[in-house]
Amino acid sequence: MAEQAPRLRWSRKKRVLVWGGSVLAILLAAAGVLYRLAMPGLRFLQRIADSSPQALDAGGPLRVTEARVRCGERDVPLRVYQPAGEHERAVVLVHGLHYGGYDEERLVPFARKLAGMGFAVVTPDLVDLKEYAISPRSVDEIERVALWTLDESGLGSGDDGRIGMMGICFAGGLGLAAAGRPSLRDRMAFAFAFGAHADLDRTMDYLCTGRLPDGKELKPHPYSQAAILSQTADRLVPPEEAKAFREAALEYLHGKDAEARAHVGLLGPRAKELLTRCMDGDTLWVGAQLAPAILGTPSPDALSPARGAPPNCTVYVLHGSVDNVVPPSESRRLAEWASSGGGAVVLISDLVSHVELEQGKETRWGDTWDLARFWTRLLRS
């Protein structure tokens, strides 16, 4: 019996080794699954949340160049962000309604960090969007920039000959409308819309009434209404005050609140009340004043992706759950629209406000996981 004891001890050791090896194999497999499902997205989210200068070039050195492309009667300025080495795919990234255009303070780091993930990123500077106008000309320009990226830029278009389209806020809807045009719909690898609209008239109805399609109410954001005020000045105030009214609205949109309020004080009673109530957040009252000026007159079909054909690619749609610039119900409509094309991946997230991540907000792991998986799927498209 004494001679058998060492064999028993060895048998136990063997079982421990086998058990330990099995656990290690499971852990490695789980790590592989985690990497496959979410790791690129987690890494990208970490970079997006990091506002330090080091995060801008976390993926390595970039080349930033300028170009111009002719569209109609004018040139569209472009900025191209490229990894110093090889890139996987070219992407057109369109800024939203903002005076900064392709210099907008959130767009630039987003473009740089996207390039750091291995993409060549083309950002056009669109005049109408910089002036808070939602116009068919912008859709034409987005289409032209995409064709330049595909055929003239020398950036290449991936192994499948396709590029990506990305748009923010109202430009998200305009980008989808462009991506669905015959010249592009079969040449898109993916399309991404962040806080975008499906139907412009339905969105305008919400901004005037605060009513959502399901009957619930969500108070509109003053920013959207100020943009509408700037574009409809001649329909809202006496002709002699329209220019000053528009300039005061634009100052507010540019973040110059004190200057805007000073100029508002020089306007007549009607113009003064409209802008003051807008800046004070009395958006339901302002919406009621806007409604007669903008509702009832259909906008051009070109401005609403849901009125046209979807692209033959996956459409990725991200929206904040309580976004009151463009309501999240629009992204749900985009999902229905995209189902007749290449399908959609939609995430309505509590971690997103309008077109940026909520900073300093207590988060649930499940929400972070969903957002990481969303970005992982998009980045691999």
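**Reading strands and rings**

User: At 3% relative accessibility, does Phe374 count as buried or exposed?

Analyst: Phe374 counts as buried at 3% relative accessibility, because buried means under 20% relative accessible area. Keep in mind that this is a predicted model.

User: How do the side chains of a strand point?

Analyst: In a regular strand, side chains alternate between the two faces of the sheet. Look at strand β8, residues 344-349. Val345, Leu347 and Ser349 point to one face and are buried.

User: Which strand pairs with β8, and in what sense?

Analyst: Strand β7, residues 314-320, pairs with β8 in the parallel sense, over six bridges. Between β7 and β8 the chain passes through helix α14, residues 329-338. This β-α-β crossover is right-handed.

User: What describes a pair of aromatic rings?

Analyst: Two values do: the distance of the centres and the angle of the planes. The whole structure holds ten aromatic pairs. One of them is Phe192 with Trp375: 5.1 Å centre to centre, 55 degrees between the planes, tilted. The two are 183 residues apart, with Phe192 in strand β6 and Trp375 in helix α15. Phe192 is buried at 2% relative accessible area. Trp375 is buried at 4%.

User: Why is the pair of Tyr316 and Phe374 edge-to-face?

Analyst: Their planes stand at 90 degrees, so the pair is edge-to-face; the centres are 5.9 Å apart. Tyr316 is in strand β7 and Phe374 in helix α15, 58 residues apart. Tyr316 is buried, at 5%.

User: Which residues form one aromatic cluster?

Analyst: Phe44, Phe110, Phe190, Phe192, Phe194, Tyr316, Phe374 and Trp375.

How values were computed:
Residues numbered from 1 in each chain as written. Predicted model: local features only at pLDDT ≥ 70, side-chain atom pairs only at ≥ 80, totals over all residues. Heavy atoms only, no water. Buried < 20%, exposed > 50% of the residue type's maximum accessible area, 1.4 Å probe, protein only. Helix = DSSP H or I, 4+ residues; strand = E, 2+ residues; numbered from the N terminus. Pairing = 2+ DSSP bridges. Right-handed = clockwise from strand over helix to strand, strands pointing away. Phe/Tyr/Trp six-rings, centres within 6.5 Å; stacked < 30°, edge-to-face > 60°.
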